[in-house]
Amino acid sequence: MLLSDQQVSLIVQIDQLLPQTQCGLCGHRDGCLPYAKSISEGEAANKCVPGGQPVADALAQLLDRPRLIAESSVWDIQADGRPQQMKAIIREDECIGCTKCISACPVDAIIGSGKLMHTILTDLCTGCELCIPPCPVDCIDLVPDNNPIPTEDQRINEQDNLRQRYYAHIQREEKRRIDRKGPVVRAEIDTEFFAQFSQALKNVPTITLAEKAKDHSAQDAKTTIELAKIRTQIKKLEKQLSVRLDPQKQEQLDALQTQLKELQEV
Ligand code: SF4
Ligand code: SF4
Ligand code: SF4
């Protein structure tokens, strides 16, 4: 569905405040932009886990809504009010070079090629954890990022950079689906939605749709990365629930477990 200019403008303003980690912890598998759209349509604006309270507050202010307590994180809160930033590292001597983590990384922070050891470019890694579940030998660890907390300007630059990298990643994956080279670990992203925004935004790569790729959409929706994202969300919720009971989260967990079971049965 095509959005009006007014809708696009509001979604862009909301998206500017989101961290661009693209982790899906807000419940939107395709990352920050779909959550921004959903917020513009009325969804609560406190669900961005990496953004924590500062992002929930900034969104409440932008939208003139009441302040809500941010969704909790499994990580401690840093001095800036956001959860501890993490980085992934590969235990390189254990890596079998399967390349699955490359497609899973929304910001293309992993380099390596088939059957060769892979490395994470730590400056680019956001700690989104999406590369961890697809790794067949479980050789990726998360460690705290000990870099100084960025200034507001640095954060905005970083977010712009991550957004650009995500759009480039989506375009690359869109093209790759045509030839199906390498393991398919990326779920079907709503590329059409991102393509519309890539036209509206000046500072992101333009996304063009690959006709042939659309034929695979139903099949792609059941690919490994979708399962991986669901497993990651389940793991998070289980951790959160082990600390504190929460009927709403328990409901989300039950729904995810059902979804996982259904996908595994396909
Ligand atoms: S950073 Fe993660 S939780 Fe926050 S809006 Fe983006 S995808 Fe959602
Ligand atoms: S390397 Fe892993 S944790 Fe880091 S941004 Fe990429 S997928 Fe996320
Ligand atoms: S998924 Fe794991 S084993 Fe495969 S290339 Fe990445 S780090 Fe290496």
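Helix α1 meets helix α2 through Q7, L10, I11, I14 and D15 on the α1 side and C32, L33, A36, K37, I39 and S40 on the α2 side; two residues are in contact when their C-beta atoms, placed from the backbone, lie within 7 Å. By class, seven nonpolar, two polar and two charged residues make up this contact. Here Ala, Val, Leu, Ile, Met, Phe, Trp, Tyr, Cys and Pro count as nonpolar, Asp, Glu, Lys and Arg as charged, and the others, Gly among them, as polar. The model is a predicted one, in which local features need pLDDT of at least 70 and side-chain atom pairs count only at pLDDT 80 or more, while totals for chains, interfaces and linings use all residues. Residues are numbered from 1 along each chain as its sequence is written, and chains are lettered from A and ligands numbered from 1 in the order in which they are written.

How do the two helices lie? The axes of α1 (residues 5-17) and α2 (residues 32-40) come within 8 Å and cross at roughly 120°. Such axes are lines fitted to C-alpha atoms, for helices over the stretch in contact, with angles running from 0 to 180 degrees between N-to-C directions. α1 and α2 are therefore oblique to each other, given that angles under 35 degrees count as roughly parallel, over 145 as roughly antiparallel, 65 to 115 as roughly perpendicular and the rest as oblique. Their crossing is right-handed, a crossing being left-handed if the near helix is turned anticlockwise from the far one by less than a right angle, and right-handed if clockwise.

Helix α1 also packs against helix α3 (residues 52-63), at an angle of about 155° and with the axes 9 Å apart. α1 and α3 are therefore roughly antiparallel to each other, and this crossing is right-handed. On α1, residues Q13, I14 and L17 meet V55, A58, L59 and L62 of α3. That contact holds six nonpolar residues, one polar and no charged.

Turning back to α2, eight of its nine residues are buried, so α2 is largely enclosed by the rest of the structure. A residue is buried if 20 or more other C-beta atoms lie within 10 Å of its own, exposed if 12 or fewer, and partly exposed in between, with C-beta atoms placed from the backbone. The buried residues of α2 are C32, L33, P34, Y35, A36, K37, I39 and S40, and they pack against α1, α3 and α6 (191-200). After α2 comes G42, with a positive phi near 120°.

The ligands come next. Around ligand 1 there are 16 residues, with T21, C23, C26, C32 and C48 the closest; a residue is near a molecule if its C-beta atom, placed from the backbone, lies within 6 Å of it. This shell divides into ten nonpolar, six polar and no charged residues. Ligand 2 has 14 residues around it, and A88, C105, C125, C128 and C131 come nearest. Eleven of the shell residues are nonpolar, two polar and one charged. For ligand 3, 15 residues form the surroundings, the closest being C95, C98, C101, H118 and C135, and the classes are ten nonpolar, four polar and one charged.

Finally, the protein as a whole has ten helices and four strands, which are DSSP runs (helices H or I, at least four residues; strands E, at least two) numbered from the N terminus. Buried residues make up 37% of its 266 residues.
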